[in-house]
Amino acid sequence: MITTSPEELRGWFTGRLPADLFTDLVEITADREEITVVGRITEPTLDRTASDAEREAAFEGRIAEFRDRTRDARIAVAREAERRYGRKVSWGAECGDLRGMFTTVSAPVMTRLRQPERQVLDTLVEAGVARSRSEALAWCVRLVQRHSDTWLTELRESLENVRRLRAQGPDADSAS
């Protein structure tokens, strides 16, 4: 079960990241193995007549430059977060409309899945739809893909309501 709230993670990283690392903290997501931090970086200055290919290459180059230049700072933050939260930290950067991911975790679950896919499986297990990630994966394969996003959003909202109601229950004071 994921015990660290998204708000806590966002707050900790907002306070801990060097102020000049990103222009904006775009996204922080987490599952049992990985915390992914994605931030916006400054775009390179291009001539107004730059082609789409030139623009994309410039954005790719800026992301590569950012990755190299900030490696030591990101490693220091990641080590501290890994000790604090017990999960690996992965990084990504957005430049313009391009997102570059680096140092991402690929965890074994019958097959190697990235974080967004593992989050789907963990939601199903937490909700009691499946007993394990393996069973959840088999269930997902049978599910019609085009209906899954809406259904999973509703399921996550329901889980959050269940957590909130549990915290307000009669045993809430005795749990602390």
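**View 1. The hairpin of β3 and β4 in the predicted model.**
Two residues lie between the strands of this hairpin, and Gly96 takes a positive phi near 65°. The strands β3 and β4 run antiparallel and are joined by five bridges. Within this pairing, Trp91 has Phe102 of β4 as its bridge partner. Strands of a sheet pair through backbone hydrogen bonds, in either a parallel or an antiparallel manner.

**View 2. Thr103 in the loop between β4 and β5.**
Phi of Thr103 is near 50°, a positive value in a residue that is not glycine. Most residues other than glycine have a negative phi. Thr103 is partly exposed, and its relative accessible area is 42%.

**View 3. The open sheet of four strands.**
The strand order is β1-β2-β3-β4, and the pairing is mixed. At the edges stand β1 and β4, each of which pairs on one side only. From one strand to the next, the twist averages 20°. The parallel pair is β2 with β3, joined by seven bridges. In that pair, Thr36 stands opposite Ser90 of β3. Six of the seven residues of β2 are buried, so β2 is largely enclosed by the rest of the structure. In a regular strand, side chains alternate between the two faces of the sheet.

**View 4. The hairpin of β1 and β2.**
Three residues separate the two strands of this hairpin. The strands β1 and β2 run antiparallel, with six bridges between them. Thr29 has Thr36 of β2 as its bridge partner, and Ala30 stands opposite Ile35 of β2.

**View 5. Helix α1 on the sheet.**
Helix α1 lies across β1, β2 and β3, and runs at about 135° to β1. Leu9, Trp12 and Phe13 are buried in this helix, which spans residues 6-16. These three cover an arc of only 95° around the axis, which puts them on the same side of α1. An α-helix has 3.6 residues a turn, so residues three or four places apart point the same way. The face turned away from the buried side carries the exposed residues Glu7, Thr14 and Gly15. The cover over the buried residues of α1 includes β1 (24-30), β2 (34-40), α3 (71-85) and β3 (88-95).

**View 6. Phe13 and the largest nonpolar core.**
This core has 24 residues, of which Phe13, Leu17, Phe22, Ile35, Val37, Val89 and Trp91 touch the most other members. At least two residues of the core come from each of α1, β1, β2, α2 (52-69), α3 and β3. Another core, of eight residues, lies apart from the largest one; among its members are Leu113, Leu124, Ala130 and Leu152. With neighbours within four places in sequence left aside, Phe13 is in contact with Ile28, Ile35, Val37, Val77, Ala81 and Val89. In soluble globular proteins, nonpolar side chains tend to be buried together.

**View 7. Arg118 and its polar contact with Glu33.**
Arg118 belongs to helix α4, residues 115-126. With a relative accessible area of 0%, Arg118 is buried. The side chain of Arg118 makes a polar contact with the side chain of Glu33, at 3.3 Å.

**View 8. Leu137 in helix α5.**
Helix α5 covers residues 133-142 and includes Leu137. The relative accessibility of Leu137 is 17%, and Leu137 therefore counts as buried, the cut-off being under 20% relative accessible area. Leu137 and Glu126 are eleven residues apart in sequence, and their C-alpha atoms are 14 Å apart in space.

Notes. Residues numbered from 1 in each chain as written. Predicted model: local features only at pLDDT ≥ 70, side-chain atom pairs only at ≥ 80, totals over all residues. Heavy atoms only, no water. Buried < 20%, exposed > 50% of the residue type's maximum accessible area, 1.4 Å probe, protein only. Arc of directions from axis to C-beta. Contact = heavy atoms within 4.5 Å. Polar contact = N/O pair within 3.5 Å; in protein donor to acceptor, adjacent residues only side chain to side chain. Pairing = 2+ DSSP bridges. Axes fitted to C-alpha atoms, helices over the stretch in contact; angles between N-to-C directions. Core = buried A, V, L, I, M, F, W, Y, C linked by side-chain atoms within 4.5 Å.
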